[in-house]
Amino acid sequence: MSDTTCRMSISLDGFVAGPRQSLEQGLGVRGQELHAWHMGDARANSGDDVANSWLMRPRGAYVMGRNMFGPIRGEWEPSWEGWWGAEPPYHAPVFVLTHHPRAPIELAGGTTFHFVTDGFDAAYAQAVQVAGGQGVDIAGGASTVRQALAADVIDELVLDVAPVLLGAGERLFDGVARFPFEPVETLHSPLATHIRYRRAGG
């Protein structure tokens, strides 16, 4: 079984993105505030550096939602290839959940986006198949993580809790019935408390 990870920056009131996501506000209004710990803020410390190493650990494949891939709704715009430019940071196959078929997009550095129209379970199965022993990461957003939690496939969950109240946006745990994890490591800085959870008893 592939070791499956997930890492999400989250506000104190449970949001992983702000409201009104758009091309100009990819993380929603004020959503960028959740990510100061790894975006060059001078207050970041060694705890943030370690947490960033968790974030950037290579994985064999990724699963993400369409909202994570971009702001476009409905039919695809052929020119849109994601937020990350010509060489995305994944360097592995990425399976994007969508209701609209699209041919794969192969970009520099080993990242290929595959668009899956038959649901989370199908996307996750494909990711596990190609990941080999390098594991799968659930890359967001909130809806995709909730589906992964419902499917009970996450082995390690890292929450980077920013001291921010957003008040609205994309809430991570709405409708989640159980939390089968226990904390195994905690780091902190003025910008975030990083809590690494593993599956209880795992």
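This is a predicted model: local features need pLDDT of at least 70, side-chain atom pairs count only at pLDDT 80 or more; totals for chains, interfaces and linings use all residues.
Local features were considered at pLDDT of at least 70 and side-chain atom pairs only at pLDDT 80 or more, whereas totals for chains, interfaces and linings use all residues. Residues are numbered from 1 along each chain as its sequence is written, and side-chain values use heavy atoms, with hydrogens and water left out. The mean pLDDT (the predictor's confidence in each residue, from 0 to 100) is 93, and 99% of the residues reach 70 or more.

With a salt bridge defined as a side-chain nitrogen of Lys or Arg within 4 Å of a carboxyl oxygen of Asp or Glu, the count comes to 13. One of these joins Arg7 to Asp137, with the closest N and O atoms 3.1 Å apart. Because Arg7 belongs to strand 1 and Asp137 to strand 7, this pair ties together parts 130 residues apart in sequence. Both residues are buried (under 20% relative accessible area; exposed is over 50%, partly exposed in between; 1.4 Å probe, protein chains only).

Arg198 pairs with Glu156, also in a salt bridge, at 3.1 Å between the closest N and O atoms. Arg198 is partly exposed at 26% relative accessibility, while Glu156 is buried at 6%. A further salt bridge connects Glu185 and Arg196 (3.0 Å, N to O), linking strand 10 with strand 11. Through shared partners, salt bridges join Asp3, Arg7, Arg57, Asp137, Glu156, Glu185, Arg196 and Arg198 into one network.

Definitions and conventions. Helices (H or I, at least four residues) and strands (E, at least two) are DSSP runs, numbered from the N terminus.
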